[in-house]
Amino acid sequence: MHKKTILHDRPFRTTVVMTTVVCALCSIAQAQVSPQLIDGKPITEVNSCITNGCHGSLVNQRVMHQPVADSKCLECHEYAVAEEHLFVLSKPGNQQCADCHTLTHLDRVIHKPVADGECLSCHDPHGSDHTTMLRKDPAKGLCLDCHMDDYSEHEYIHGPVAVGACVVCHEPHSSSFKGLLTDRPNRLCLSCHEELEPTLMEKRHLHKPMEDGCISCHNPHASDSEFQLNASVPNLCLECHGWFEELFETAEVVHAPAKDQGGCTECHNPHFSVLPKLQKKLQPDLCMTCHDKELVTKDGRTLTNMKAFLENNPNHHGPIREGACTLCHHPHASEDQNLLLQAYPPEFYAPFGVERYELCFSCHQPDLVMDEAGSGLTQFRQGDLNLHWLHVNKEKGRTCRACHEVHASQRPAHIRESVPFGSSGWMLDINFEARTNGGSCAPACHKSKVYLRSVPEVTEELQP
Ligand code: HEC
Ligand code: HEC
Ligand code: HEC
Ligand code: HEC
Ligand code: HEC
Ligand code: HEC
Ligand code: HEC
Ligand code: HEC
Ligand code: HEC
Ligand code: HEC
Ligand code: HEC
Ligand code: HEC
Ligand code: HEC
C-alpha cells in the first residue's frame, strides 16, 4: 500500500548536497487532515515520521544510527516547506557527520574519500544491514564500487580480494602503514599463510627478497600468473637474477628445466629451505624427480634412467655416496654436453693434457697419471710401472671412461661392465676382476691381461 516514491528508490550517491525530500504518502495524508497536523500531532513532532508508517523502513534495519533510532530526524533534516512536507538537509550530508563525530584516530596515511569528508560513500546516514551502517558488506564489495575494475580482469585473483574482503588488509579510514595496511606487509600475509613462517632451520636459508616482503614477488590482489606472481617463473626470477639470461644465450648446453616454464621452482623453493641454495630436496633425490626415467635431449639422445642405474649398481662413486651430483654437474647450463662443471674428454681416445681432466683432478691427484713410477700413487700398476700413466698419458691416450664408470658400478674401482667401441656404439665386455695383488681383464677384443703389483714386469699394453 505504501508505494515507494522514486525518491526512495534512488540509488545512494556518494555526495549529497542539499537533498530535498518529499514523502508522497505523508503529503497525501496531510492534505486529507490539516496542513499543520499529522495524525493530530503538530508536524514538529517528528516521531510521526516513523510511527505513521511513512518512514518505518528507515528504522527497521539491523544496524541503526543512534540519532535515527532516537527519531532525532531534525538533527539532520529541516523543513523547507512545511505545508508540503518538503524537507531539506540541514547541511550537506557529509558535513553533518563532523557535528557529532571527530575521527580522532586518523593516522599518517589517510584514505582519500575520508580526507575529503565523503563519509556517505561508505556509510548510510540512517542504518543498514551491515556493521557501522555500511552501505555494503565490507567483506563483500563495499570498496569495489570505486576500486574493483583493476582486479576483476585478471586471471588469478587472491582469495580475500575475490570476495571483496579488502578490510582484512586495509584500514578504511587511515593507517600508520603505507597503503593503508592493517599491519606490516609480511606479518599481514603470514597472519593467514602461517605455513610460510620459516622454522629456525629454514631461516638459515631464507631467500633474500623475503626480507623486503612477499609483495616483491606476489601481487596482493591479482595477476595473470599463477599464485598471483608478478611474472611467471622463470621470468620472475630473471628480473633479479639477470645473469641467467646471458648464460642461456651463450652456454653451449642449457639444462631443459632451467629454461622451462616453472622450471626454477622444480628445484628451488622460492621462499626458504633447510638446504643451502634454497634446494627443495637433498640430492640425488632432487635430480631423481625427473631422472627416474629415460629422458630425451633436444638433439635426440636418450639419457640413462639414473635412478634405476644407481639402484642396479651398488658401488657408488664417492661424491654420489655423499649425495652431491652438483660437484660434477652444473644444474643450469654449461659448455659441456653433459653439463659438466669442468673439462672431461667425451671420447674414448684423447691426447693427454692435465687441463683436459680438470673434473677428475679437482678431487684426485693428477700424479695418478703424471708419474711413470706408480708405487704409492695407484693400485693400477705392474710392479712400479704406473698403468694409469701408461694408458692415459700419451698422444693416443685412453680416457678414464675407457675403463671407469663415473656414477656407479657393479665391480670394484668403478670399472665398467663394458665399453662402447668404434663409431657403431657396440658395447664390449671388460670382465674386470680385482685380485689381492692386482687385477685382470678379459675384454672381448683381445686376450685377457693380468697386472701384479709385486711383479716388476710390464705386461703388453691393453689393446682394444
Ligand atoms: C545523521 C543525520 C540524519 C538523521 C538523524 C536522519 N537523516 Fe534522513 N537523511 C540524511 C541524509 C544525509 C540524507 C541524504 C540521502 C543519503 O545520502 O542517504 C537523508 C535522506 C533521507 C530521506 C530521503 C532519502 C531516502 O533515504 O529515502 C528520507 C526520507 C529521510 N532521510 C528520512 C529521515 C527520517 C524519517 C529520519 C528520522 C527517523 C532521518 N531521516 C534521520 C541524514 C539523516
Ligand atoms: C546528531 C549527532 C550525530 C550526527 C550528525 C551523526 N552521528 Fe553518527 N552517531 C551518533 C551517535 C550518538 C552514535 C552512537 C554512539 C556511538 O556509537 O559512538 C553514532 C554512531 C555512528 C557510527 C557507529 C555505528 C556503530 O555501529 O558503531 C557511525 C559509523 C556513524 N555514527 C556515522 C555517522 C556518519 C557517516 C554521519 C554523517 C552522515 C553521522 N554519523 C552523523 C550521532 C551522530
Ligand atoms: C571507504 C569507506 C569509508 C569511508 C569513506 C568512511 N568510513 Fe567510516 N568506516 C568504514 C568501515 C569499513 C568501518 C568499519 C571498520 C571496522 O568494522 O573495523 C567504519 C567505521 C566507522 C565508525 C565506527 C568505528 C570507528 O572507527 O570509530 C565511525 C564512527 C565512522 N566509520 C565514521 C566515519 C566518518 C565520520 C567518515 C567520514 C569522515 C567515515 N567514517 C568515512 C568505512 C568508511
Ligand atoms: C568513494 C570511492 C572509494 C571507496 C568506496 C573506496 N575508496 Fe579507496 N580510494 C579512493 C580514492 C579516490 C583513492 C585515492 C586514489 C589515488 O590516490 O590515486 C583511494 C585510495 C585507496 C588506497 C591507496 C592508499 C594509499 O595511500 O596508497 C587503498 C589501499 C584503498 N583506497 C583501499 C580502499 C578500501 C579497502 C576500501 C573499502 C573499505 C576503499 N578503498 C573504498 C576511493 C574510494
Ligand atoms: C591480502 C591483503 C590485501 C587485500 C585483501 C587487499 N589488499 Fe590492497 N594492498 C595490499 C598490499 C600489501 C598493498 C601494497 C601496499 C604498499 O604499497 O606497500 C595494497 C595496495 C592497495 C592499493 C594501492 C595501489 C596499489 O594497487 O598498489 C589499493 C588502491 C588497494 N590495495 C585496494 C584494495 C582493494 C579495493 C581491495 C579489495 C578489493 C584490496 N586492496 C584488498 C594488500 C591487500
Ligand atoms: C585474510 C587472510 C589472507 C591474508 C591476510 C593473505 N592471504 Fe593469501 N590467500 C588467502 C586465501 C583464502 C587464499 C586462497 C587459498 C586457496 O585458494 O587455496 C590465498 C591464496 C594466496 C596465494 C595463492 C595460493 C595458491 O595456492 O594458489 C598466494 C600466493 C597468496 N595468497 C599470497 C599472499 C600474500 C603475498 C599475502 C600478503 C600480501 C597474503 N596472501 C595475505 C588468504 C589470505
Ligand atoms: C622471490 C619471490 C617470492 C617471494 C619473496 C615470496 N614468494 Fe610466495 N611464491 C613464489 C613463487 C615462485 C611461488 C610458486 C611456487 C611454485 O610454483 O611451486 C610462490 C608460491 C606461494 C604460495 C602458494 C604455494 C605455497 O607454497 O604455499 C603462497 C601461499 C605464497 N607463495 C605466499 C608467500 C608469502 C606469504 C610470502 C611472504 C612471506 C611470499 N610468498 C614471498 C615466489 C615468492
Ligand atoms: C626481488 C628480487 C629477486 C627475485 C624476484 C628472485 N630472487 Fe633469488 N635472490 C635474490 C637476492 C638479492 C639473493 C641473494 C644475493 C645473491 O646471492 O645473489 C637471491 C639468492 C637466490 C639464491 C641463492 C640462495 C643462497 O642460499 O645462496 C637462489 C637459489 C635464488 N635466489 C633463486 C631464485 C629463484 C628460483 C627465483 C624465482 C622463483 C628468484 N630467486 C627470484 C633476489 C631475488
Ligand atoms: C635442475 C634443478 C635446478 C633448476 C631447474 C634450477 N636450479 Fe638453481 N640451482 C640448483 C642447484 C642444485 C644449485 C646449487 C648448486 C650447488 O651449489 O651445488 C643451484 C644454485 C642456484 C643459485 C645460486 C648460484 C650460486 O652460484 O650460488 C641461484 C641464484 C639459482 N640456482 C637460481 C636459479 C634460477 C633463477 C633458476 C631458473 C632460471 C634455477 N636456479 C633453476 C638447481 C636448479
Ligand atoms: C625438472 C626435471 C629435471 C630435474 C629436476 C633434473 N633434470 Fe636433468 N634433465 C632433465 C631433462 C628433461 C633433460 C634432457 C633435456 C636436456 O636438458 O637436454 C635433462 C638432462 C640432463 C643431463 C644431460 C644434459 C645433456 O644435454 O646431455 C644431465 C647431466 C642432467 N640432466 C643432470 C641433472 C642433475 C645433476 C640434476 C640434479 C641437480 C638434474 N639433472 C635434475 C630434467 C631434469
Ligand atoms: C664425479 C662426477 C659426477 C658425479 C658426481 C655425477 N655425474 Fe653425472 N655424469 C658425469 C660424467 C662425466 C658424465 C658424462 C657421461 C660419462 O662419462 O659417463 C655424466 C653424465 C650424466 C648424465 C647423462 C647420462 C647419459 O645417459 O648420457 C646424467 C643424466 C647424469 N650424469 C646425472 C647425474 C646425477 C643425477 C648425479 C647425481 C646422482 C650425477 N650425475 C653425478 C659425472 C658425474
Ligand atoms: C668431487 C670429487 C670427485 C670428483 C670430481 C671425482 N672423484 Fe673419483 N672419487 C672421489 C671420492 C671421494 C672417491 C672415494 C674415495 C674413497 O672411497 O676412499 C672417489 C673414488 C674414485 C674411484 C674409485 C676408487 C676405489 O678404489 O674404489 C675411481 C675409479 C674414481 N674416483 C674415478 C674418478 C674419475 C674418472 C673422475 C673424473 C671423471 C672422478 N673420479 C672425479 C671424488 C671425486
Ligand atoms: C685402462 C684402464 C684404466 C684407465 C684408462 C683409467 N683407469 Fe683408473 N683404474 C683402473 C683400474 C684397473 C683400477 C683399479 C686398480 C686396483 O685397485 O687394482 C683403477 C683405479 C683408479 C683409482 C683408484 C685409486 C688407484 O689409483 O688405485 C682412481 C682414483 C682412478 N683409477 C682414476 C682414474 C682416472 C682419473 C682416470 C683418467 C684420467 C683413470 N683412472 C683411467 C683402470 C683404468
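## Iron sites

In this predicted model, the iron atom of ligand 1 has His-77 (NE2) and His-126 (NE2) as its protein donors, lying 1.9 to 2.0 Å from the metal. Donors here are N, O and S atoms within 2.8 Å of the metal (3.2 Å for Na, K and Ca), and water is not among the atoms, so sites may look incomplete. The site of the iron atom of ligand 1 is octahedral, with angles of 88 to 180° among its 6 donor atoms; six donors count as octahedral if opposite donors are over 155 degrees apart and all others between 65 and 115. Because His-77 belongs to strand β5 (residues 77–81) and His-126 to the loop between α7 (112–115) and β8 (127–128), the pair ties together parts that are 49 residues apart in sequence. Helices (H or I, at least four residues) and strands (E, at least two) are DSSP runs, numbered from the N terminus.

The iron atom of ligand 6 is coordinated at 2.0 Å by His-158 (NE2) and His-193 (NE2), and its 6 donor atoms, with angles of 87 to 180°, form an octahedral site. This pair also links distant parts of the chain, 35 residues apart: His-158 sits in the loop between β9 (156–157) and α10 (159–162), and His-193 in the loop between α11 (185–192) and α12 (200–203). His-193 counts as partly exposed because its relative accessibility is 33%, where buried means under 20% relative accessible area, exposed over 50%, and partly exposed in between (1.4 Å probe, protein chains only).

## The site of ligand 11

At the iron atom of ligand 11, the coordinating residues are His-329 (NE2) and His-407 (NE2), at 1.9 to 2.0 Å. The 6 donor atoms around this iron subtend angles of 88 to 179°, which makes the arrangement octahedral. The two histidines are 78 residues apart and link distant parts of the chain, His-329 being in the loop between α20 (318–321) and β16 (333–334) and His-407 in the loop between β20 (397–398) and β21 (408–409). With 26% relative accessibility, His-329 counts as partly exposed, whereas His-407, at 18%, is buried.

## Aromatic residues

The structure holds 6 aromatic pairs, a pair being rings of Phe, Tyr and Trp (its six-membered ring) whose centres lie within 6.5 Å, with planes under 30 degrees apart counted as stacked, over 60 as edge-to-face and the rest as tilted. The rings of Phe-244 and Phe-248 have centres 5.8 Å apart and planes at 65°, so this pair is edge-to-face. Both residues lie in helix α15 (residues 243–250), where being 4 residues apart separates them by about one helical turn. Phe-244 is buried at 12% relative accessibility, and Phe-248 is buried at 11%; together with Trp-243 they form one aromatic cluster.

## Helix α6 and the whole chain

In helix α6 (residues 93–100), the buried residues are Gly-93, Asn-94 and Gln-96. They cover an arc of only 150° around the axis, which puts them on the same side of α6; the arc is that of the directions from the helix axis to the C-beta atoms. These buried residues pack against β6 (86–89).

Overall, the protein has 23 helices and 26 strands, and 34% of its 464 residues count as buried.

## Basis of the values

Residues are numbered from 1 along each chain as its sequence is written, while chains are lettered from A and ligands numbered from 1 in the order in which they are written. For this predicted model, local features need pLDDT of at least 70, side-chain atom pairs count only at pLDDT 80 or more, and totals for chains, interfaces and linings use all residues, while side-chain values use heavy atoms, with hydrogens and water left out.

Technical notes: Contact means heavy atoms within 4.5 Å. Four donors count as tetrahedral if all angles lie between 85 and 135 degrees; four count as square planar and six as octahedral if opposite donors are over 155 degrees apart and all others between 65 and 115; anything else is irregular.
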